[in-house]
Amino acid sequence: MSEARAELAGITFAIITVSDRSARREREDLSGPELKRLVEERGGRVVAMAVVPDERDVIKSKLVELCDGQQAPEIILTTGGTGVSPRDVTPEATREVIEKEVPGLAEVMRAESLKKTPMAALSRAVCGIRHRTLIINLPGSVRGALENLEAVLPALAHAAEILRGKISDCQQSAHLGHQHHHRHRREGE
Amino acid sequence: MSEARAELAGITFAIITVSDRSARREREDLSGPELKRLVEERGGRVVAMAVVPDERDVIKSKLVELCDGQQAPEIILTTGGTGVSPRDVTPEATREVIEKEVPGLAEVMRAESLKKTPMAALSRAVCGIRHRTLIINLPGSVRGALENLEAVLPALAHAAEILRGKISDCQQSAHLGHQHHHRHRREGE
Amino acid sequence: MSEARAELAGITFAIITVSDRSARREREDLSGPELKRLVEERGGRVVAMAVVPDERDVIKSKLVELCDGQQAPEIILTTGGTGVSPRDVTPEATREVIEKEVPGLAEVMRAESLKKTPMAALSRAVCGIRHRTLIINLPGSVRGALENLEAVLPALAHAAEILRGKISDCQQSAHLGHQHHHRHRREGE
């Protein structure tokens, strides 16, 4: 693992696959393991994995259990249930447990997917924060989930650092690279 | 009608014009008929048309009546009331009746309009689902309404098929064209 | 001031800096004065400035006080508190006081910032209307605040005119420049 790719070094993740069929073991969960592989390849640590059915209350309970625990992961990735089928309720469950929405992450993921297919406009993914955990909805397909995660990886790493209080305002600027010196001198907040 | 353009074949629509002046018959409703023409040109079937004033409760009642009826259309297009004037309340009425929001459709429509004018940022259109009907807010101007509808037509056709349960997950992949075989083999959800 | 740059002529503004440290006078407020300079350079009139801590209730009270007063400004700019730190609550305070959201303005600002840094996806800025005042959340950094404001200036000027009822539907079209004659003849709403 080259340093350039270890952008998630030290960050803890949970991965939740949302799928009726995978929860009933009628279908192998492929997206969860593929997301785990990508996260670990970039230096992240996956501390929990789960498969739940497309049930709003079950999804909510799992999210709350993870975020409110003593060993809460810094980032939770969900995969599945973001479309327009009647059973797709992951965004609704997510919105009910987050305290703050981060709409820009979902916008970036959709904009990226739209370069591939106009159907990406139907992804209803929600991203937001509960306590100190950032929850990211990803689509259910392996390809869609990996592509969308790649699209926001740099921002996720930065968000995790802010959420766990490891960097201050001033240090935040340093993450913006060439803008650092200028911003450091002039920054008002 | 060439097959290439019949992308809305078999899909049922209702069109609601939201305008105080058109409701009072002080102004001819041009957007409603123009939307009907475009929908029919692409193979869609318009089963209901209505003109209502910019009143939140009236708009809500009309949307609920259409979505909850036995012959609910698969897609409802509204035109008008999406701006920032004090009387513009179509997005608020829509948000109150939908069960699920589909933000990507509104994002795509605004992104398309922004190529023409920076004022497009003021369009507050909301898109979402009630039961099995997809509701799409379009702007009030004829040109804006037609341009925005064109921008999301392929996604609308696909959404309608999923909502009425005509295609399964696996078949959904087929709609993504060249990605089909790859996605079919690997898809986790 | 050349006429071409006086796009905010006659529009009244309030500017609220949201920052714990600036409110405690531990840090000079740079963004507020810089925003004031830019607004005035374009012909706008700043009628109120304030510095408040990152407290949801304090931010809400200040927004309500300004919007509900007899001399309500046409536009309120906030700077700071839009990120993902636990203390960042400006978007939540804003959402609680607005009657209508204008999501396109926040989308345009994020899209503009994303050209500079992927971290822009973490800006949670909200824009919306309370009574006849448009509230715009801007980031806390001087550079980010100025860049984001520049990105939406033409739309803000137009929105202010509609909100104060100075232009009608028909006149609105005229602001869209070359589209005017065409739109004027055909417009349905």
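Colleague: What percentage of the interface residues of chain A are also interface residues in chain B?

Modeller: This is a predicted model in which local features need pLDDT of at least 70 and side-chain atom pairs count only at pLDDT 80 or more, while totals for chains, interfaces and linings use all residues. Residues are numbered from 1 along each chain as its sequence is written, and chains are lettered from A and ligands numbered from 1 in the order in which they are written. Two residues are in contact if their C-beta atoms, placed from the backbone, lie within 7 Å. The copies meet through different surfaces, because the share of interface residues of chain A that are also interface residues in chain B is only 4%.

Colleague: Which element gives the most to the side of chain A that touches chain B?

Modeller: In this contact, 26 residues of chain A meet 24 residues of chain B. Helices H5 (103-114) and H6 (142-163) of chain A each supply at least two residues of that side, where helices (H or I, at least four residues) and strands (E, at least two) are DSSP runs numbered from the N terminus. With 3 residues, the element that gives the most to the side touching chain B is H5(A).

Colleague: Which element gives the largest share of the side of chain A that touches chain C?

Modeller: This contact takes 23 residues from chain A and 26 residues from chain C. On the side of chain A, two or more residues come from each of strand E4 (100-101), H5, H6 and helix H8 (180-186). The largest share, 7 residues, comes from H6(A).

Colleague: Which strands of chain C stand at the edges of the sheet?

Modeller: The open sheet of 6 strands in chain C has mixed pairing and the order E2-E1-E3-E6-E5-E4, and two strands pair if DSSP finds at least two bridges between them. Each edge strand has a single partner strand, so one side of each is left without a neighbour in the sheet, and these strands of chain C are E2 (45-52) and E4 (100-101).

Colleague: Which residue in E3(C) is the bridge partner of Ile16(C)?

Modeller: Strand E1 (residues 12-18) and strand E3 (residues 75-79) of chain C pair in the parallel sense over 5 bridges. Within E3(C), the bridge partner of Ile16(C) is Thr78(C).

Colleague: Where does helix H6 of chain C bend?

Modeller: H6(C) covers residues 142-163 and is followed by Gly165(C), whose phi is positive, near 75°. The bend at a residue is the angle between axes fitted to the seven residues ending there and the seven starting there. A proline, Pro154(C), follows within four residues of the bend, which is about 55° and lies at Leu153(C).

Colleague: What percentage of the residues of chain A count as buried?

Modeller: Chain A has 8 helices and 6 strands, which follow the pattern β-α-α-β-α-β-α-β-α-β-β-α-α-α along the sequence. A residue is buried if 20 or more other C-beta atoms, placed from the backbone, lie within 10 Å of its own, exposed if 12 or fewer do, and partly exposed in between. Of the 189 residues of chain A, the share that counts as buried is 50%.
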